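These are my notebook entries on a single structure.

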Amino acid sequence: MAAIVESIEIRRRPEEVFSYATDLSRMEEWQESLVSARPEGGATPEVGSRMTQTRRIGRGERRMTMELTDYDPPRRWAFRGIDGPVRAIGKGTVEPLEDGARSRLTIELDFEGHGIGKLLVPLVVRRQARNELPRNQQKLKERLESSVA
């Protein structure tokens, strides 16, 4: 299956969009299914850094470990799940618009299922992510443009 890809334009500089979108302490503010996100080890993001997330998937909550596979502020980041039955693979890209006065944020998500996850990914996870991603991006946009971030 093809990855889920959504883009949104935001009236904030790329540095601000990147900083807010990748700040673990702020992710719960704009990601609907995210219950918690905590860094493992050091708090400074770099390739190889890991975080533990708890997400609502369907009617339950699942804990998973994510690893940062690319980190190039303020342009892009990427991650992959390394444990659990459902493993997300994603990347975010921030493009400057209008000489950097605005930004386009593109988020791409895909999933691998392991064990029971092979059933969950096509039946629950992809549908939930496809519905949730545009709402998450809209919420991120609203927060950034209202200067809450």
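Entry 1, pocket lining. I worked from a predicted model. I asked which elements supply the lining of the largest pocket. I found at least two residues each from helix H1 (14-22), helix H2 (27-30), strand E3 (50-57), strand E4 (60-72), strand E5 (76-81), strand E6 (86-97), strand E7 (102-113) and H3.

I noted a volume of about 760 Å³ for the largest pocket. I counted 39 residues in its lining, and those that lie nearest the centre are Gln31, Met51, Gln53, Arg55 and Phe79. By class, I recorded 23 nonpolar, 10 polar and six charged residues in this lining.

I looked for nonpolar surface and recorded a patch of about 300 Å², made by Ile116, Leu119 and Leu123. I placed Leu119 in helix H3, which spans residues 117-145.

Is Leu119 buried or exposed? I class Leu119 as exposed because its relative accessibility is 52%, and the cut-off for that class is over 50%. I then checked Leu120, which is also found in helix H3. Leu120 has a relative accessible area of 19%, so I class Leu120 as buried; the limit here is under 20%.

How far apart in space are Leu120 and Glu95? I recorded 33 Å from C-alpha to C-alpha, for a separation of 25 residues in sequence.

Notes
Residues are numbered from 1 along each chain as its sequence is written. This is a predicted model: local features need pLDDT of at least 70, side-chain atom pairs count only at pLDDT 80 or more; totals for chains, interfaces and linings use all residues. Side-chain values use heavy atoms; hydrogens and water are left out. Patches are made of residues with over 30% relative accessible area and no salt bridge: like charges are joined within 9 Å, nonpolar side chains (Val, Leu, Ile, Met, Phe, Trp, Tyr) within 5 Å. Accessible areas come from the Shrake-Rupley method with a 1.4 Å probe; for residues, only the protein chains shown count as cover. A salt bridge is a side-chain nitrogen of Lys or Arg within 4 Å of a carboxyl oxygen of Asp or Glu. Helices (H or I, at least four residues) and strands (E, at least two) are DSSP runs, numbered from the N terminus. Buried means under 20% relative accessible area, exposed over 50%, partly exposed in between (1.4 Å probe, protein chains only). On a 1 Å grid over the protein atoms alone, a cavity is a set of points where a 1.4 Å probe fits but cannot get out, and a pocket is an open set with protein on both sides within 12 Å along at least five of seven lines; lining residues have an atom within 4 Å of a point. Grid points are joined across faces, edges and corners, and a volume is the space filled by probe spheres set on the points. Ala, Val, Leu, Ile, Met, Phe, Trp, Tyr, Cys and Pro count as nonpolar, Asp, Glu, Lys and Arg as charged, and the others, Gly among them, as polar.
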